Protein chains: 2
Amino acid sequence: MSSEEISTKTRILQATWQLLEQHQGQGVNMSDIAKAAGISRQAVYLHFASRTELMIATMNYVDEVKGLNERLNLFNSAKTGIELLEACVDIWGNYIPEIYSLAKPMLMSRDTDEAMAAAWTNSMNCLRDVCQVTIDTLKREGKLIKGWSPKEATDMFMTLISINNWEQLTIESGWTTEQYISWMKRLLKRTFVD
Amino acid sequence: MSSEEISTKTRILQATWQLLEQHQGQGVNMSDIAKAAGISRQAVYLHFASRTELMIATMNYVDEVKGLNERLNLFNSAKTGIELLEACVDIWGNYIPEIYSLAKPMLMSRDTDEAMAAAWTNSMNCLRDVCQVTIDTLKREGKLIKGWSPKEATDMFMTLISINNWEQLTIESGWTTEQYISWMKRLLKRTFVD
DNA sequence: ACTGTCAATTGACACCGTGTCAAGTAATCA
DNA sequence: TGATTACTTGACACGGTGTCAATTGACAGT
């Protein structure tokens with residue numbers, strides 16, 4: 001049990017992540033994961049109670065490695081509402097492609113899986129906070145377009161930068177990440193900034 | 001076989017639609033549908049080769065009854081780009097709630113079901129046409145904001161009025177249809193109209 | 001009345017994926 | 001030595017889709 005060996009649990013998490021990446025988040029079952037981790041399918045259940053739990057644990061693992069929270073700390077350098085807005089799109093827009101394969105199956109099962117829905121909402125909270133701060137800052141600066149309540153504006157902000165929209169524009173419509181980020185910034189500024 | 005009796009095929013379609021409406025598009029299987037149509041599960045397959053085919057046929061059936069195409073003819077009264085844009089949001093925004101229960105399972109299976117994806121794209125084409133006409137009209141009027149290519153603008157238009165966004169704003173965030181339509185019009189105008 | 005056909009029925013079965021259980025094994029710890 | 005831990009194997013239940021064969025009942029044409 002030296003610190004160099006990786007625990008079985010970690011190996012499962014890594015295998016899950018890797019397989020999801022390879023298959024763009026689709027068609028990965030428990031057998032595949034077990035095989036990739038070098039253990040039997042049943043052994044996976046010794047570490048994770050269900051597929052849902054494994055997915056959630058994988059998300060936390062990836063979040064830890066990729067560090068969205070740390071990235072969002074780049075906000076410290078942003079001062080004005082517009083700077084915050086642009087930083088938000090930069091950070092989130094570059095983060096989505098890195099987690100898309102993992103996020104996709106979670107989004108897909110959200111509707112039928114209560115636990116998944118809760119875990120997802122929870123992990124999106126840090127993003128929502130950031131959107132809210134941005135909207136509040138704009139309002140404080142008197143730059144928020146008349147008519148928006150902070151709640152409505154935050155709802156719309158979150159909706160516009162949703163993974164679904166990113167997917168539609170990049171994967172379906174063929175936009176590059178740069179295109180996405182550039183247009184999304186313009187869209188958000190025209191929508192919220194006076 | 002008088003014209004008053006409904007064919008079994010039609011009864012299946014009606015049962016499917018009704019069940020989807022009742023259950024908000026989720027957890028409806030072939031057994032349920034057969035039971036609701038008053039036939040055996042296996043008999044459903046005498047009329048539809050697969051669940052996917054049944055869903056697609058149901059969509060066509062509902063489209064026929066609800067008549068999106070006819071509604072989109074209301075465009076004839078719209079002249080300017082802005083009128084077109086507003087008519088589009090009015091028509092589509094009021095249509096979504098009527099088909100959401102049917103659209104939801106189609107959107108969900110799209111990713112894993114090639115045939116479903118094709119059918120969906122196909123049925124969205126009339127909407128895409130309308131978006132394109134709107135963008136083209138704005139451009140002709142010199143009112144399209146600089147920087148948008150017609151293709152990019154249409155991609156963004158379609159993305160903004162997507163069912164996913166409607167779902168996020170109304171069902172998840174609690175907006176009313178009126179709120180949705182009102183804000184969506186403002187959003188689109190500020191995004192595209194100079 | 002006989003025959004064919006059509007729609008639907010019943011029951012059984014295959015396949016896949018998730019999740020569970022019991023019994024066994026191999027290594028490690030005390 | 002004996003207990004514990006991690007994992008293995010094989011079997012099985014469940015739910016859902018899709019398939020197949022054999023059967024029934026009704027309605028047609030001759």
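Student: Through which surface do the copies meet?

Tutor: They meet through the same surface, because 100% of the interface residues of chain A are also interface residues in chain B. Some ground rules. This is a predicted model: local features need pLDDT of at least 70, side-chain atom pairs count only at pLDDT 80 or more, and totals for chains, interfaces and linings use all residues. Side-chain values use heavy atoms, without hydrogens and water; residues are numbered from 1 along each chain as its sequence is written, and chains are lettered from A and ligands numbered from 1 in the order in which they are written.

Student: Ok, the fold. How many helices and strands in chain A?

Tutor: Chain A has 10 helices and 0 strands. Both are DSSP runs, numbered from the N terminus: helices are H or I with at least four residues, strands are E with at least two. The C-alpha trace of chain A spans about 60 × 35 × 30 Å along its principal axes.

Student: How much of chain A counts as buried?

Tutor: Of its 194 residues, 51%. Buried means under 20% relative accessible area, exposed over 50%, partly exposed in between (1.4 Å probe, protein chains only).

Student: And what share of the contacts in chain A join residues at least 24 apart?

Tutor: 70%, among contacts between residues at least 6 apart in sequence. A contact means heavy atoms within 4.5 Å.

Student: Which residues have the most contacts inside the largest nonpolar core?

Tutor: Trp92, Ile161 and Phe192, each in chain A and in chain B. That core has 139 residues. A nonpolar core is a set of buried Ala, Val, Leu, Ile, Met, Phe, Trp, Tyr and Cys residues joined through side-chain atoms within 4.5 Å.

Student: What is Trp92(B) in contact with?

Tutor: Leaving aside neighbours within four places in sequence, Trp92(B) is in contact with Leu68(B), Ile99(B), Met124(B), Leu127(B), Ile161(B) and Ile163(B).

Student: Now Val62(A). Buried or exposed?

Tutor: Buried, at 1% relative accessibility. Val62(A) lies in helix H4 (residues 51-66) of chain A. Beyond neighbours within four places in sequence, Val62(A) is in contact with Trp17(A), Gly67(A), Ile99(A) and Leu102(A).

Student: And Thr134(B), where is that?

Tutor: In helix H7 (residues 114-140) of chain B. Thr134(B) is buried too, with a relative accessible area of 0%. Apart from neighbours within four places in sequence, Thr134(B) is in contact with Gly81(B), Leu84(B), Leu85(B) and Phe157(B).

Student: Switching to backbone angles. What is phi of Gln24(A)?

Tutor: Near 50 degrees, a positive value in a residue other than glycine. Gln24(A) sits in the loop between helix H1 (8-22) and helix H2 (30-37) of chain A. Phi of Gln24(B) is also near 50 degrees.

Student: DNA next. Which residues are closest to DNA strand D?

Tutor: Thr8(A), Ser40(A), His47(A), Arg41(B) and Arg51(B), out of 16 residues that surround DNA strand D. A residue is near a strand if one of its heavy atoms lies within 4 Å of it.

Student: What does Ser40(A) do there, in distance terms?

Tutor: An N or O atom in the side chain of Ser40(A) is 2.6 Å from a phosphate oxygen of DNA strand D.

Student: Which side chain is 2.7 Å from a base oxygen of DNA strand C?

Tutor: Arg41(A), through an N or O atom. The side chain of Gln42(B) also has an N or O atom 3.2 Å from a base oxygen of DNA strand C. As for phosphate, a polar side-chain atom of His47(B) lies 2.8 Å from a phosphate oxygen of DNA strand C.

Student: By class, what is the surface near DNA strand C?

Tutor: 6 nonpolar, 8 polar and 2 charged residues. Ala, Val, Leu, Ile, Met, Phe, Trp, Tyr, Cys and Pro count as nonpolar, Asp, Glu, Lys and Arg as charged, and the others, Gly among them, as polar.

Technical notes:
A polar contact is a pair of N or O atoms within 3.5 Å; within protein, one must be able to donate a hydrogen and the other to accept it, and residues adjacent in sequence count only if both atoms are side-chain atoms.
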